[in-house]
Amino acid sequence: MVQMAGMLYQSILRPLLFRMDPERSHELAVESGKLLNKYPLLQKITSLFLQFEDERLKQNIWGIEFSNPIGLAAGFDKNAQLLHAAGALGFGFIEIGSITAEANPGNKKPRMFRLYPDRSLINRMGLNNDGAETILKRIKNQHPAIPLGINIAKTNSPDKMGDEALRDYQFSYKAAREAADYITINISCPNTGKGKTFEDPSALAELLSALETRKEAGAVNPLVKLSVDLSESRMKKLVDICEDNGIRGYVVANTSSSRSDLSTSPSKLARIGSGGLSGKAIANRSTAMIRTLYQYLDGQKPIIGVGGIDSFEEALNKLTAGADLIQLYTGLVYEGPSLIKRINRGLVRYLEKEGLNSLRQLPRS
Ligand SMILES: Cc1cc2nc3c(=O)[nH]c(=O)nc-3n(C[C@H](O)[C@H](O)[C@H](O)COP(=O)(O)O)c2cc1C
């Protein structure tokens, strides 16, 4: 059944969706998801086809029960409109956002592009979202059955620099604490001023100190999301700062600004212009970064692996590199929602074949 759903998506729905502007197809997907979100009966029917449960996929991380390791990555449900739909589609958790202190329309359109031959996307959405207050009100009325991550970023406004940028993050962090099972601090954000981003070590130290993550850890679970473009030495520097500040895990990784090794023509890439590359094109680099981080931390902190997961094999690559949980965005666009069940079922078959009783027993390589 799930194979058929995958084939239907790829042979009928995807060609229709791919005829449209990428952001328009995304909006259509969100609108369908909102319908699913509204009607419990529809959720029940959907879950009959798409959910996959197995004891061996369950994990307790940060004291939170995850029924399976696959989450919806930040950026898909920026405004928390798919909280129930995500569970019905088979996700084990959802990360909404990035949310920012102020509502923002984001960058000028077009701002999302498909690189079909690379099974990848480029986006420069510009942190469009309804704003922390509105989104948190929405969540209060409907906390999902699955664990909820809230991803926070700085409002996309060049005027917000220095202390104002810190206050902006503080506002969203405080709001997110009310509802989140974990909070992801997205530091690959627009400038904090003077050309710096929060991936600058001193800016990150200031930010985590302003958020008092060290004091907070325990009450909330603050995570930091790193860009796939970080060099190994910069990543380690940032992780040292995170460790000093009580960060409880990492999301690896955010999109890339690199355009190397793509099959898409240079002229098309030039027409598209700037933006973050996601999907298959960043899969190997994200996996390598997870592996380095896992070894650096001696496996002592949970890692959420994300970047180019579009199959069971790629999911397994991330998990054996050191990820405890994984997330999908671009893979969903190319493979459709049946990908979630295909990965979960593949993992259970793999555990069976290897004689393992849980994901925790997967060998790390
Ligand atoms: C259109 C789009 C919008 C995104 N928006 C956000 C965002 O607001 N915050 C964030 O932390 N990551 C955002 N991401 C990054 C994803 O969460 C993920 O880290 C990245 O796409 C790599 O995963 P993938 O290859 O499975 O897409 C976005 C990605 C895409 C494609």
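In which hand does α6 pass α7, right-handed or left-handed? In this predicted model, the crossing of α6 past α7 is right-handed. Two packed helices are described by the angle between their axes and the distance between the axes. For helix α6 (residues 162–177) and helix α7 (residues 201–211), the angle is about 45° and the axes lie 9 Å apart. The arrangement of α6 relative to α7 is therefore oblique. On the α6 side, the contact is made by L166, Y169, Q170 and Y173, and on the α7 side by E206, L207, A210 and L211. By class, the residues of this contact comprise 6 nonpolar, 1 polar and 1 charged.

Strands of a sheet pair through backbone hydrogen bonds, either parallel or antiparallel. An open sheet is formed by 3 strands in the order β5-β6-β11, with antiparallel pairing. The antiparallel pairing of β5 with β6 extends over 4 bridges. Within β6, S120 is the bridge partner of L115.

The ligand is surrounded by 27 residues, of which the closest are A73, G75, S278, Y329 and T330. Two or more residues of the shell come from each of β4 (93–99), β6 (120–123), β11 (276–279) and α13 (330–335). The residues of the shell around the ligand are divided into 11 nonpolar, 14 polar and 2 charged.

How values were computed. Residues are numbered from 1 along each chain as its sequence is written. This is a predicted model: local features need pLDDT of at least 70, side-chain atom pairs count only at pLDDT 80 or more; totals for chains, interfaces and linings use all residues. A residue is near a molecule or strand if its C-beta atom, placed from the backbone, lies within 6 Å of it. Ala, Val, Leu, Ile, Met, Phe, Trp, Tyr, Cys and Pro count as nonpolar, Asp, Glu, Lys and Arg as charged, and the others, Gly among them, as polar. Two strands pair if DSSP finds at least two bridges between them. Axes are lines fitted to C-alpha atoms, for helices over the stretch in contact, and angles run from 0 to 180 degrees between N-to-C directions. Angles under 35 degrees count as roughly parallel, over 145 as roughly antiparallel, 65 to 115 as roughly perpendicular and the rest as oblique. A crossing is left-handed if the near helix is turned anticlockwise from the far one by less than a right angle, and right-handed if clockwise. Two residues are in contact if their C-beta atoms, placed from the backbone, lie within 7 Å.
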